[in-house]
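Biologist: Could you walk me through this one, starting with how you define things?

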Amino acid sequence: MKTVVILILGSLLISCTMQETITMDGSCILKNMQTWNYVFSEADASSEKIDSLMNDTISEEYQIVTIRAITNNMAQIEYNADTIRTGLGWINMECLAVNPSTTERIPLYSWPDTKSKVTFYIDNPSWGDLYTVIGCKGNWLEIRHTENGVVKKGWLSPEFQCANPYSACCMFKNQNKINKMKELIKELETALIESGNPILSKMDVEASHKTDQEIINSFKDAKLECCPELLELYKWKSGCNEKNLFEIEDVEKSRALCSVGNIAAYPISAKMYKEYQQIDAYWFTDECMSPFIFNSIYEDPVLINLNPKSKDYKALFFYSPALLYPDPTKMYDSIESWMETIIQCYKKHIYHIDKDGFLITDLNAEVKLARKLNPNSEYWFDDCCSTWGVDE
């Protein structure tokens, strides 16, 4: 049976300058393999050695540790000394590390707060990298990591930490994202049914061809990677055909999912991506921008960023040279925030369906809502939206 030593970080430090009580509660693992790591009685490597811990890769017995206090580059840890006994002692901080919980780009902050400044990004995280822990506050860990010759230091948010030495945490993180997307899809379907929007029956043109592999392969053939959230969306509804994307006589009165149009069926999206690439479309500065939504005009797509290394991964962008958008302009912070925005538009009756089945939009109200739910998307804050009479 594998023995897992769990170190629970949770002690109080009194700051000499601020007199602030700091609670530490961040889990770590031992960095060194097949090497004894000594535990001392005090925060001094010359004090008595009271225990020793080791990651045994042969018997697969790994140590999971958590910090209770930090002083003089030493961490006080609580750990399972054996199957029934808990130990408490001090260990050199250089022995402690943590894995990333994702393979997506990770921000490191200047302070343990997501509102603080980002000091560095870890561009290519991978489970097994083992970032050295150099500080702790609450369940945040301050880490040091060298990437491409650059030493990067900063505070790592709990959501990006993985103290599991046996398997990657990213599978659980992705599952949480998938579960959230499924909930949003269920909410959207309910909103469409309650509003009586006839587009719901037109959104599944590839109903007989929407297995995971078929959808993934369609994007793969275009050298794109379908993100988990987009995959869930296409498994629900595979998208609209060209008639419901482009053959629209009056954009102001159309049968549409939302004010920016309808979702393109995934084979159409992949096909058009290739076509845009061949004609060297202006927006093709980022080759992972895939056409996603259309509102009658072939040349004016809403794009989704499918580059997992980009800080705008899964964000939606509007591109329309005819409407003064010669470069892709961020419209929704993420595919999830796009879903949340249109769901709220239906719930708040910003969208409603008239007697002919056309989508009618209160543009002023939509802009206000979109600004609130997509604070990092410049589209809703530019001069074009301001001309709609939206009050600041």
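Modeller: Two strands count as paired if DSSP finds at least two bridges between them, and strands (E, at least two residues) and helices (H or I, at least four) are DSSP runs numbered from the N terminus. This is a predicted model, where local features need pLDDT of at least 70, side-chain atom pairs count only at pLDDT 80 or more, and totals for chains, interfaces and linings use all residues. Residues are numbered from 1 along each chain as its sequence is written, and side-chain values use heavy atoms, with hydrogens and water left out.

Biologist: Which residue in β18 is the bridge partner of Ser290?

Modeller: That partner is Ile304; strand β17 (residues 289–294) and strand β18 (residues 302–305) run antiparallel and are joined by four bridges.

Biologist: And what packs on the sheet there?

Modeller: Helix α3 (residues 228–236) does, touching β16, β17 and β18, where contact means heavy atoms within 4.5 Å.

Biologist: New topic: how many salt bridges does a search of the whole structure find?

Modeller: The search finds 16, each being a side-chain nitrogen of Lys or Arg within 4 Å of a carboxyl oxygen of Asp or Glu. One of them joins the side chains of Lys347 and Glu187 at 2.8 Å, N to O. Lys347 lies in helix α6 (residues 335–347) and Glu187 in helix α1 (residues 170–195), so this pair ties together parts 160 residues apart in sequence.

Biologist: How exposed is Lys347?

Modeller: Lys347 is partly exposed, with a relative accessible area of 46%, given that buried means under 20%, exposed over 50% and partly exposed in between (1.4 Å probe, protein chains only).

Definitions and conventions. Axes are lines fitted to C-alpha atoms, for helices over the stretch in contact, and angles run from 0 to 180 degrees between N-to-C directions.
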